[in-house]
Amino acid sequence: MGDLHNRRIFLRAAAAAGAAWGLADLAHVDEALAWAAQQVGSIENNRQRFNALIPGQAEVIVSVTSRILPSVDGRPGARDAGVVYFIDRSLSTFNAAQKLLYTDGVKDLNSRAAKKSPGATTFAALAAAQQDALLHDIEKTPFFTAVRFDTVAGMFALPTWGGNRDYMGWHLLGMTHQARYEPPFGYYDADANKRS
């Protein structure tokens, strides 16, 4: 009778632990699903909100990233892939330390744009050739270095981070998203290498 009683206590404890784990895990799943639903709704309405950037800053960042990775001959660029959303999300999470660098960099670009073309209030208002000339002037600055790196990262990162919309960056590389990837080099036998 003692063993049966101990087994019942163990099974009850295991069931309780499993239920607690399941509920804790469900909270994370619910949070992730809510965020995903918000992103899908935002993209469908074409009104995705920014967390770190204000709309004027985002417009300039879109213009800069579009000059770094432009859309050419039907090939998608940074604008198409939503790289600005990756940058915004990074500046509000893991890359928050660079938010001031971005704010100051956008302010500097807008100031340079106004000097270069009277009447232009932002970098985004300039023609593509004028934008390229201004970016050439600042290409050695920490701001441009950060934006260039973040543009490439946003183009090829997981879409859950905001960029690489519809896996556009991966498709440029010839990579398709799939649940499981097969080894590209065929069968590998570690034991055969030991015998050699």
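Predicted model: local features only at pLDDT ≥ 70, side-chain atom pairs only at ≥ 80, totals over all residues.
1. **Crossing of α2 and α6.** Two packed helices are described by the angle between their axes and the distance between the axes. Helix α2 spans residues 55-68 and helix α6 spans residues 128-138. Their axes come within 10 Å. The crossing angle is roughly 85°. Angles of 65 to 115 degrees count as roughly perpendicular, and α2 and α6 are therefore roughly perpendicular to each other.

2. **Residues at that contact.** From α2 come Ser 63, Val 64 and Arg 67. From α6 come Ala 128, Gln 131, Asp 132 and Leu 135. By type, the residues of this contact divide into 3 nonpolar, 2 polar and 2 charged.

3. Asp 132 and Arg 67 meet through their side chains in a salt bridge, at 2.8 Å from N to O. Asp 132 sits in α6 and Arg 67 in α2. The partners are 65 residues apart, so the pair links distant parts of the chain.

4. The structure holds 2 salt bridges. Arg 112 forms one with Asp 108, and the closest N and O atoms are 2.9 Å apart. Both residues lie in helix α5. They are 4 residues apart, about one turn of the helix. Arg 112 is partly exposed, with a relative accessible area of 30%. Asp 108 also counts as partly exposed, at 34% relative accessibility.

5. **The largest nonpolar core.** This core has 31 residues. Which of them touch the most other members? They are Ile 61, Tyr 102, Leu 109, Phe 123 and Phe 143. At least two residues each are supplied by α2, α3 (78-81), α4 (83-91), α5 (99-116), α6 and α7 (142-156). Helix α4 gives the most, with 6 residues.

6. **Phe 123 in detail.** Phe 123 is one of the core residues that touch the most other members. Leaving out residues up to four places away in sequence, Phe 123 touches Val 60, Ser 63, Val 64, Leu 109, Asn 110, Ala 113, Gln 131, Leu 134 and Leu 135.

Key. Residues numbered from 1 in each chain as written. Heavy atoms only, no water. Axes fitted to C-alpha atoms, helices over the stretch in contact; angles between N-to-C directions. Parallel < 35°, antiparallel > 145°, perpendicular 65-115°, else oblique. Contact = heavy atoms within 4.5 Å. Nonpolar A, V, L, I, M, F, W, Y, C, P; charged D, E, K, R; others polar. Core = buried A, V, L, I, M, F, W, Y, C linked by side-chain atoms within 4.5 Å. Buried < 20%, exposed > 50% of the residue type's maximum accessible area, 1.4 Å probe, protein only. Salt bridge = Lys/Arg side-chain N within 4 Å of Asp/Glu carboxyl O.
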